[in-house]
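Subject: Structure handover

Hello,

Here is the structure for you to look through. Please open it first, then read the notes below.

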Amino acid sequence: MALRRVVVTGLGALTPIGNNIEEFWNGLINGVSGAAPITYYDASKFRTQFACEVKNFNVEEFIDRKEARKMDRYAQYAIVASDEAIKDAGFDFDSLDKDRVGVIWGSGIGGLETFQIEVLNYAAGDGTPKFNPFFIPKMIADIAGGHISMKYGLRGPNFTTVSACASSTNAIIDAFNYIRLGHADAIVTGGSEAAVTIAGMGGFNAMHALSTRNDDPKTASRPMDKDRDGFVLGEGAGALILEEYEHAVARGAKIYCEIGGGGMSADAYHITAPHPEGLGAKNVMINCLRDAGLEPTDVDGVNMHGTSTPLGDIGESKAILQVFGEHAYTMNLNSTKSMTGHLLGATGAIEAISCILSIKHGIVPPTINHFTDDENIDPKLNFTFNVAQKREMNVVMSNTFGFGGHNACVLVKKLDYKA
């Protein structure tokens with residue numbers, strides 16, 4: 001069976017550096033940091049007192065108050081980002097076969113704030129169980145995709161992928177595969193997360209995973225910098241409309257790019273630490289290139305997982321050299337987490353969007369907050385430090401790696417690109 005081509009026809013974003021695609025992109029290319037002191041609760045007793053929160057967000061501007069109260073923030077974010085993507089795609093819902101349009105979403109944690117609130121309320125009581133009837137449907141990690149499908153009546157494939165920080169990249173790959181195998185004509189995909197909570201920050205602090213640079217939050221996310229001390233937690237959502245090429249052409253859709261391939265692998269090494277030699281990272285990029293039918297020399301850039309952790313950045317840099325060899329020195333590498341922070345299960349979606357916009361605009365967003373080279377990372381690699389760079393981008397890859405050793409990589413390319 002011939003595989004169908006899959007293109008991207010709509011984008012939506014709600015991030016710590018912009019509440020829509022235009023704001024997000026402007027924040028990226030201008031090197032804006034989304035990190036600031038936490039406003040959601042009193043963080044004064046926490047080891048880390050800052051995060052990359054979504055700013056100036058009033059859910060009632062997007063969702064009816066009664067409906068919004070039935071949703072955790074992570075699901076609210078999903079609705080807002082997917083609304084933008086669906087409008088951007090320009091669907092005519094009167095002529096759309098909704099049985100052939102699905103939703104495949106990603107979230108690493110789901111409704112953590114809802115879980116926290118309900119458990120703390122119970123603990124503060126006299127032992128009598130008093131729980132919100134919406135507790136479970138607000139908390140579960142699959143419900144965001146359910147809300148999207150119900151709002152638009154989309155009756156195609158509908159599920160959520162959970163693979164920690166690789167979740168939304170896995171969702172994109174699943175959507176890509178379902179369309180090219182003929183199971184759907186279009187799919188709303190992406191991911192959302194809202195883990196900037198007492199439980200989220202406390203848990204990651206207990207692991208010593210977060211930066212503690214409380215005196216200077218804006219420079220705390222320092223991928224590839226010698227003095228990096230952990231990641232900065234972010235939140236938000238990214239949404240993409242994936243569509244079968246002929247279906248998109250037939251309705252005159254705007255096409256951003258083509259999904260070229262997707263790769264997956266496992267480190268099979270440690271519950272949280274990456275493989276020190278980047279074995280899983282190397283394999284996932286090789287698998288992605290093989291799926292796309294491209295050579296390493298076809299690739300112009302990689303949006304790295306690049307979380308600003310001491311071990312992760314080194315392992316991924318080694319993996320890139322193993323996969324691309326001398327060609328690695330001609331590519332633009334970057335980590336947009338230096339600006340957005342780490343959105344956990346949503347990070348793959350917004351970073352895939354960054355890659356797509358790089359192709360559209362011919363600009364590579366920077367890796368900000370670089371001050372000192374790390375002697376363990378090859379200084380000849382171009383990490384696009386501190387300032388965006390103009391460059392024609394035809395093929396770009398996006399890496400995402402999750403706790404448990406889950407690795408996912410997606411490749412996007414110009415529609416007319418020929419290897």
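A residue counts as buried when its relative accessible area is under 20%. Cys 257 has 0% relative accessibility, so this residue is buried. Keep in mind that this is a predicted model.

**Cysteines**

How many disulfides does the structure hold? The count is zero. A disulfide is a covalent bond between the sulfur atoms of two cysteines. For Cys 257, the closest cysteine sulfur belongs to Cys 355. The two sulfurs are 9.3 Å apart, which is too far for a bond. Cys 288 is in no disulfide either, with the sulfur of Cys 409 being its nearest at 3.7 Å. The cut-off for a disulfide is 2.5 Å between sulfurs. Cys 288 is buried too, with a relative accessible area of 0%.

**Salt bridges**

Side chains of opposite charge can pair when their charged atoms come close. The structure holds 19 salt bridges. Here are some of them.

- Lys 151 pairs with Asp 83, with 2.7 Å between the closest N and O atoms. Lys 151 sits in helix α6 and Asp 83 in helix α3, so the bridge ties together parts 68 residues apart in sequence. Lys 151 is partly exposed at 44%, while Asp 83 is buried at 7%.
- Arg 155 pairs with Asp 99, with closest N and O atoms 2.6 Å apart. Arg 155 is in the loop between α6 and β5, Asp 99 is in the loop between α3 and β4, and 56 residues separate them. Arg 155 is exposed at 55%, and Asp 99 is partly exposed at 46%.
- Arg 228 meets Asp 374 at 2.9 Å, N to O. Each lies in a loop, Arg 228 between α8 and β7 and Asp 374 between β11 and β12, so this pair ties together parts 146 residues apart in sequence. Arg 228 is buried at 6%, and Asp 374 is buried at 7%.

There is also a network of salt bridges that links Arg 4, Arg 100 and Asp 185.

**Pocket**

The largest pocket holds about 580 Å³ of space. Its lining has 32 residues. Nearest its centre are Thr 272, Ala 273, Pro 274, Thr 309 and Phe 403. Which element gives the largest share of the lining? It is α11, with six residues. The strand β13 supplies at least two.

**Surface patch**

Met 1, Leu 3 and Leu 181 make a nonpolar surface patch of about 350 Å². Met 1 lies in the segment before β1. Met 1 is exposed, with a relative accessible area of 77%.

Best wishes

Notes. Residues numbered from 1 in each chain as written. Predicted model: local features only at pLDDT ≥ 70, side-chain atom pairs only at ≥ 80, totals over all residues. Heavy atoms only, no water. Buried < 20%, exposed > 50% of the residue type's maximum accessible area, 1.4 Å probe, protein only. Patch = residues over 30% accessible without salt bridge, like charges linked within 9 Å, V, L, I, M, F, W, Y side chains within 5 Å. Areas by Shrake-Rupley, 256 points an atom, 1.4 Å probe, with all protein chains shown as cover. Salt bridge = Lys/Arg side-chain N within 4 Å of Asp/Glu carboxyl O. Helix = DSSP H or I, 4+ residues; strand = E, 2+ residues; numbered from the N terminus. 1 Å grid on protein atoms, 1.4 Å probe; cavity = no way out; pocket = protein on both sides within 12 Å on 5 of 7 lines; lining within 4 Å. Points joined across faces, edges and corners; volume = space filled by probe spheres on them.
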